Amino acid sequence: NDDQFKRVVAHAKEYGYIFGSSEIYDGLSAVYDYAQNGVELKNNIRQYWWTSMVKMHQNIVGIDAAILMHPTTWKASGHVDAFNDPLIDNKDSKKRYRADVLIEDYAEKLEQKVQKEIAKAKKRFGESFDETQFVSTHPRVVGYRQKKEEVLARMARSLDNNDLADVKALIEELGIADPETGSKNWTEVRQFNLMFGTKLGASAEHATDLYLRPETAQGIFVNFLNVQKTGRMKVPFGIAQTGKAFRNEIVARQFIFRMREFEQMEMQFFVRPGEEMKWYEYWKETRLKWHLSLGLGADNYRFHDHEKLAHYANAATDIEFKFPFGFKELEGIHSRTDFDLKAHEEYSGKKLQFFDPELNESYVPYVVETSIGLDRMFLAVFSNSLKEETLEDGSTRTVLALPAILAPVKAAVLPLIKRDGLPEIAHQIIDMLKWDYQVQYDEKDAVGRRYRRQDAVGTPFCITVDHQTKDDQTVTLRHRDSMEQERVEISDLPAKMASLLEV
Ligand code: ATP
């Protein structure tokens, strides 16, 4: 909900996770900077992904391709001609919208009505009621669903045929109003390319027009043969990459969910033609497992299989996550056929084929890709972890219950007071742990307040040095989530930390 989302944004700023870009100049819309804790969390998510993809798969290797690429890349990939959003303006409010998003929101409202009817019926008929039968026979529900399908199908058809007049006609027929002002006075629909252009070269006449890459995938496709040959890779194999991508998004809202400069984590898996569906299923399952392993709650994920497929795909699904503003795409898994490699063969005049020794033939491999936004993943983890808890004594605490493996700081070391040699012991503990963990020293304020602050930052463990430490070489280890405290010998800390941070 809205309040929860506002809390997320405010918390991200207050605790050094995310700042607006160039804030002292009032910021730049839909561009953000990762702050001292944000960069650690982001690095940890990237690392967690990289480990599972590259380190854990003997047949996946990584690359780090440049953001700037030869401009023909984007002709071949289809981005110059087809990476557009259909735009519509409201003549009264002068606000600009994505026509497809307006229509999808309309369809979503119909679906919400269906869900309401289901909830009502569940109450009336008890848990034993047959939901499948209900949605296929109840007249009102059938009507909503039919209307929804019709609307989405017509939009897909019109967009496929580039029939923008019909997209506008649909908006008018459905009576869709400007969500902010209610006005129904719309302009024509037109296409807007999302790529950022830039120039290479010093003099204006000789400069070459380039684009900032709108996705990282093409850097992998153009290097397919280089990697295959130099890495002596055999199909099936994958190439993984993380890096910045840029899109001139029209409606960039919802914080870091939709940014103009963002980071992707992609893996393109090259397979034998005909085996792509097997691998598509494999990657669907494998990627969902990766998400579930973080423990954010299985109910927060769902697949959304695409009925309408992009021109290059023969199967596609999104892993959707329950963000504070509802279920939205977090990751895409696409079976892209040989579309990209074939297109690059055509435009470059170079063969991009693999000689398969088992089949004794050469072919252009098919591609199954997994593509996830790092920033979106950050938002998923961060928003899901932020909690307001009411404690037994009636007081409340804010806790950022990040998965420990992703937390920016793993442990804070706190001397109970600033004297009697306690800070020195705390520093010795830091020197012992810093080789393996990001640890932090904190001596300011009463220890209770320091605990609360570390809870809000998301630090899973606090290690407190007190007077007893001097006698028996033990410290208090406090757990963020349970707030339980235990006494641990200093020399046992590394082993203890290791076992607690195991996933
Ligand atoms: P959407 O439908 O939300 O615009 P998309 O289908 O265009 O996303 P892809 O091109 O499949 O997205 O990109 C793969 C992933 O990259 C997405 O699942 C998402 O996590 C991330 N992503 C795409 N666009 C953005 C953006 N503007 N800001 C942040 N992350 C993005």
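Predicted model: local features only at pLDDT ≥ 70, side-chain atom pairs only at ≥ 80, totals over all residues.
**View 1. The shell of residues around the ligand.** Of the 16 residues around the ligand, Phe262, Gly332, Ser371, Gly373 and Arg376 come nearest. At least two residues of the shell are supplied by each of four elements, namely β10 (261–271), β13 (326–337), β16 (366–373) and α13 (374–385). Strand β13 provides the largest share, which amounts to 4 residues.

**View 2. Glu369 and Ser371 in strand β16.** Is Glu369 buried or exposed? Glu369 is buried, because 25 other C-beta atoms lie within 10 Å, and the cut-off for a buried residue is 20 or more. Leaving aside residues up to four places away in sequence, Glu369 touches Ala217, Glu266, Met267, Gln268, Phe269, His334 and Arg336. Ser371, which also lies in strand β16, is partly exposed, because it has 19 other C-beta atoms within 10 Å. With residues up to four places away in sequence again not counted, Ser371 touches Ala217, Gln264, Glu266, Glu331 and Gly332.

**View 3. The open sheet of 3 strands.** The strands of this sheet follow the order β5-β4-β6, and their pairing is antiparallel. Strands β5 (96–98) and β6 (190–193) stand at the edges, where each has a single partner strand, so one side of each is left without a neighbour in the sheet. From one strand to the next, the twist averages 45 degrees. Strand β4 (residues 84–89) pairs with β6 in the antiparallel sense over 4 bridges, and Asp85 stands opposite Phe192 in β6. As background for this view and the next, strands of a sheet pair through backbone hydrogen bonds, either parallel or antiparallel.

**View 4. The open sheet of 5 strands.** Here the order is β20-β19-β21-β22-β23, and the pairing is mixed. The edge strands are β20 (439–441) and β23 (485–489), each of which pairs on one side only. On average, and with direction ignored, neighbouring strands of this sheet are turned by 25 degrees against each other. Strands β19 (residues 411–415) and β21 (residues 461–465) run parallel and are joined by 5 bridges; the bridge partner of Leu414 in β21 is Thr464.

View 5. Most residues other than glycine have a negative phi, and most peptide bonds are trans. The peptide bond from Val235 to Pro236, however, is cis, with omega near 5 degrees, and Pro236 is placed in the loop between α10 (224–230) and β9. Asp26, in the loop between β1 (18–20) and β2 (32–34), has a phi near 75 degrees, which is a positive value in a residue other than glycine. Asp26 counts as exposed because 8 other C-beta atoms lie within 10 Å. Phe255 also has a positive phi, of about 60 degrees, although it is not a glycine, and it lies in the loop between β9 and β10. Phe255 counts as buried because it has 23 C-beta neighbours inside 10 Å.

**View 6. Gln254 and Lys342, two positions 88 residues apart along the chain.** Gln254 is found in the loop between β9 (237–246) and β10, and it counts as partly exposed because it has 17 C-beta neighbours inside 10 Å. The C-alpha atoms of Gln254 and Lys342 are separated by 37 Å.

**View 7. The annotated region 195–415 within the protein.** An unreviewed UniProt entry gives these residues the annotation "domain: Aminoacyl-transfer RNA synthetases class-II family profile". The span is 23% helix and 38% strand, and its end C-alpha atoms lie 53 Å apart. The protein as a whole has 17 helices and 23 strands, and its C-alpha trace spans about 80 × 65 × 55 Å along its principal axes. Of its 503 residues, 33% count as buried.

Note on methods: Residues numbered from 1 in each chain as written. Near = placed C-beta within 6 Å. Pairing = 2+ DSSP bridges. Axes fitted to C-alpha atoms, helices over the stretch in contact; angles between N-to-C directions. UniProt positions renumbered as here; feature names shortened; annotations may be inferred. Buried ≥ 20, exposed ≤ 12 C-beta atoms within 10 Å, placed from the backbone. Contact = placed C-beta atoms within 7 Å.
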